[in-house]
Amino acid sequence: MEPVKEDWDKAVAVVAHPDDLEYGVASAVARWTGQGKQVSYLLATRGEAGIAGMAPDEVGPLRMEEERRSAAVVGVTEVVFLDHPDGTVEYGIALRRDLAAALRRLAPDVVITMNFDLTWGEEGPVNHADHRAVGLATLDACRDAANGWVFPEAGPPCSGIKSAYVASVGEPTHFVDVTGTIDAGIASLKEHRAYIECLGREFDPDEFLRNMAGYIGLGAGCEYAVAFRHYPMD
Ligand SMILES: [Zn+2]
């Protein structure tokens with residue numbers, strides 16, 4: 001693995017649900033905002049179907065608020081929520097259009113998203129359908145955003161997206177050393193208080209994130225790291 005290049009100014013991190021970015025990526029975001037880069041979050045849903053036994057009307061606003069707090073901890077002030085339905089996000093033109101419109105407005109140099117493989121690792125559990133839809137649509141929307149003939153109603157095209165990085169993949173190509181910012185990443189995950197309390201099992205954000213980042217760090221040659229697969233976009 002090589003270090004992720006940090007010669008850019010603006011990134012957008014695109015995921016399906018509030019909390020997706022907090023399971024690792026947020027530590028890298030903290031490093032980047034600490035360097036003065038601007039990072040925005042773009043979420044396809046509000047996470048309203050994420051807590052068993054609690055009604056979506058109540059959960060949606062709660063999880064949006066938790067996500068905004070999580071984002072603020074790692075220096076992210078712009079959090080955009082689309083209103084695709086949590087649990088039943090469809091890969092398709094509507095999703096690509098919404099993502100492309102947001103990318104055109106935010107005009108990033110770099111786009112971050114999450115694993116859209118069928119499973120987590122070779123023999124792991126099936127990856128959530130929303131993650132599969134949003135991750136794949138995000139890579140496609142990077143290209144869509146640059147083509148003014150595609151979705152002409154979605155604002156003027158942006159041509160600045162140079163790279164996309166996909167987190168939590170089985171075969172990463174790049175890493176970010178987060179030894180100095182993992183504490184912020186842990187604090188960011190802890191902001192999802194209601195969600196974590198309702199998991200119905202013991203979960204220690206500190207132990208979980210240190211184990212994962214420590215393991216990636218072994219391959220990267222630093223104490224803690226976050227891994228990505230790089231897709232060049234130009
Ligand atoms: Zn998710």
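**Close-up views of a predicted model**

View 1. H17 is buried, its relative accessible area being 6%, where buried stands for under 20% relative accessible area, exposed for over 50% and partly exposed for what lies in between, with a 1.4 Å probe and protein chains only. The model is predicted, so that local features need pLDDT of at least 70 and side-chain atom pairs count only at pLDDT 80 or more, while totals for chains, interfaces and linings use all residues. Residues are numbered from 1 along each chain as its sequence is written, and side-chain values use heavy atoms, with hydrogens and water left out. The zinc ion has H17 (ND1), D20 (OD) and H131 (NE2) as its protein donors, at 2.0 to 2.1 Å; donors are N, O and S atoms within 2.8 Å of the metal (3.2 Å for Na, K and Ca), and because water is not among the atoms, sites may look incomplete. Along the chain these donors follow the spacing H-x2-D-x110-H. Since H17 lies in the loop between strand 2 and helix 1 (25-34) and H131 in helix 4, the pair ties together parts that are 114 residues apart in sequence. H131 is likewise buried, with a relative accessible area of 12%.

**View 2. Pairing along strand 8.** Strand 6 (residues 163-167) and strand 8 (residues 225-232) pair in the antiparallel sense over 5 bridges, with Y231 as the bridge partner of A164 and H230 opposite Y165. Strand 7 (residues 174-177) also pairs with strand 8 in the antiparallel sense, over 4 bridges, and here H174 stands opposite F228.

**View 3. Nonpolar cores.** A nonpolar core is a set of buried Ala, Val, Leu, Ile, Met, Phe, Trp, Tyr and Cys residues joined through side-chain atoms within 4.5 Å. In the largest one, of 38 residues, V29, W32, Y41, V76, I112 and F228 touch the most other members, and helix 1 gives the largest share, 6 residues. Apart from this core lies another of 25 residues, including V14, A16, V111 and I161.

Conventions. Pairing = 2+ DSSP bridges. Helix = DSSP H or I, 4+ residues; strand = E, 2+ residues; numbered from the N terminus.
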